[in-house]
Amino acid sequence: MNEHRQRWSAAGSERRRAEEAGIWRSGPVWMASDRTLARLVGRPVAAFLRVEAAGGILLLIAAVTALVWANSAWSEAYEQLWTTEFTLRLGTFELSEDLRHWVNDALMALFFFVVGLEIKYELTCGELRDPRSAAVPIVAAFGGMAVPAAIYTAFNFGGAGAHGWGIPMATDIAFALGVLAVLGRRIPSSARVFLLTLAIVDDIGAISVIALFYTDELSLPWLGLALLGLLAVIALRRVRVWSLYVYILLGLFVWVATFQSGVHATIAGVVLGLLTPAEPLLDQEQARAYARESVPDRLGPEELRRYRFLLGESVSMAERLERALHPWSSYVVLPIFALANAGIDLRGGVLGEAVTSSVTVGVVAGLVLGKTLGVSLTAWIVVRLGWGRLPTGVSWLTMLGLAMVAGIGFTVSLFITGLAFGPGAAIADEAKVGVLAASVIAASLGALFLIFAGKRKN
């Protein structure tokens, strides 16, 4: 017993010295035994859920602020702010857009870059690595996209709003996980992971829809330059170039080329996220050997830089970037997006027109009814066919509640609304009213149903 205590004491002292020297990193898998591996793999997911839940609160505050501002005596100031022109000029080349477009085209590219990183993590280390274990959320996500789109189309087939069929397909990760966070321990952790996986697959579908169906006229020369930039990223990865500054410059080039090509610039963010290396630079066997070396009591500048490099490069670039950028995406980018896009002026009969609009009704029915039916029915079919199983601790009542919560389609739904109808159009405001109403209804019904399911279980 004393020998074990001495070992733990020595290990603790070594860790404290490393923390004081600034070279300790929590998370590299090579520092764990097999017994703690599962916990370390789960930590990024837990951190992700915490950030998304807090980000959902900021997103809600920003959306309410935008609505109040757009319907107040200062509504003109709201529009003037977001329609202010901002120009970037480099020699004879310039990009000129209003602030709302800069938010939607540039800031949201950062959001979709983080989405790409999250997808990459899930494909290499998370639920999507083993399609068999993720069969239920994967297939349920596709059902949750197809059924809402079909319901919306049924209300708007051949009409002016027909192009908006992609609006009710998306699930807002931040708001959906925020609802589960409010419910606390009533919801099993496996349900949160299920909803996260479903929302990530949902994001893949939404990104594909944006790229294929909401792209304007293509400029082939610019598109070719964007592809060359992506090929350069792949080539630099192959020759093991790891300088972050090189990739930032290439990423900016790819974004500009994609923007100029007519493909929505946010697609560049997703693709770059998927191309980010998910393997650490430092070989794990080497890392283990270095980890066994004792940290000296005093570290000189050269030794300090060496240990920082070794520990830093034992974590993949994708994981490091996701950890660094995810809070910025959730706490800054998404609230600014909500502030710029959720400000609907409901005065002058707009709300009355929206109530009778087939676009508004289609969006609400698609998100509230379509998501519930699409997610729950496809999940039931997958389980009945034996292709997958429900997550541990999740009942069918809980699954139905999760399907309702998946109808919260705020961020990406508003984003696709702008792509489908353009900003400022009356039909776009009707769609936005539908998105806001459906998100409130889905959140309320989903929360109540999950509480009921939790009581039935207990």
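I take contact to mean heavy atoms within 4.5 Å. With that settled, I looked up A354: leaving aside its neighbours within four places in sequence, I find A354 in contact with T360, E430 and V433.

**Ground rules**

I am working from a predicted model, where local features need pLDDT of at least 70 and side-chain atom pairs count only at pLDDT 80 or more, while totals for chains, interfaces and linings use all residues. My residue numbers run from 1 along each chain as its sequence is written, and side-chain values use heavy atoms, with hydrogens and water left out.

**A354, continued**

I place A354 in helix α14 (residues 350-355); helices (H or I, at least four residues) and strands (E, at least two) are DSSP runs, numbered from the N terminus. A354 has a relative accessible area of 1%, so I note it as buried; buried means under 20% relative accessible area, exposed over 50%, and partly exposed in between (1.4 Å probe, protein chains only). I also checked A354 against E430: they are 76 residues apart along the chain, yet 5.0 Å separates their C-alpha atoms.

**The chain overall**

I count 18 helices and two strands in the chain. Of its 458 residues, 49% count as buried. For contacts in the chain with a separation of 6 or more, I get 80% from residues 24 or more positions apart.

**Helix α15 against helix α16**

How do α15 and α16 pack? I find helix α15 (residues 358-384) and helix α16 (residues 396-405) at an angle of about 140°, with their axes 7 Å apart. Axes here are lines fitted to C-alpha atoms, for helices over the stretch in contact, and angles run from 0 to 180 degrees between N-to-C directions. That angle makes α15 oblique to α16; under 35 degrees would be roughly parallel, over 145 roughly antiparallel, 65 to 115 roughly perpendicular, and the rest is oblique.

On the α15 side I list K371, T372, V375, S376, A379, W380 and V383, and on the α16 side W396, M399, L400, A403 and M404. I sort the residues of this contact into nine nonpolar, two polar and one charged (Ala, Val, Leu, Ile, Met, Phe, Trp, Tyr, Cys and Pro count as nonpolar, Asp, Glu, Lys and Arg as charged, and the others, Gly among them, as polar).

I also looked up T398, which is found in α16. T398 is buried, with a relative accessible area of 7%. Leaving aside neighbours within four places in sequence, T398 is in contact with L450 and A453.

**Aromatic pairs**

My search of the whole structure finds 11 aromatic pairs. Rings of Phe, Tyr and Trp (its six-membered ring) pair if their centres lie within 6.5 Å; planes under 30 degrees apart are stacked, over 60 edge-to-face, and the rest tilted. I noted F111 and F112 as edge-to-face, because their ring centres are 5.0 Å apart and their planes are at 75°. Both F111 and F112 are buried.

W255 and F259 are stacked, 5.4 Å centre to centre with 20° between the planes. I find both in helix α9 (residues 244-261), four residues apart, about one turn of the helix. W255 counts as buried at 12% relative accessibility, and F259 counts as buried at 18%. F86, W102, W255 and F259 form one aromatic cluster.

**Helix α10**

Eight of the 10 residues of helix α10 (residues 266-275) are buried, so I note α10 as largely enclosed by the rest of the structure. Which helices do the buried residues of α10 pack against? I get α4 (99-124), α7 (189-213), α8 (220-238), α9 and α17 (410-421).
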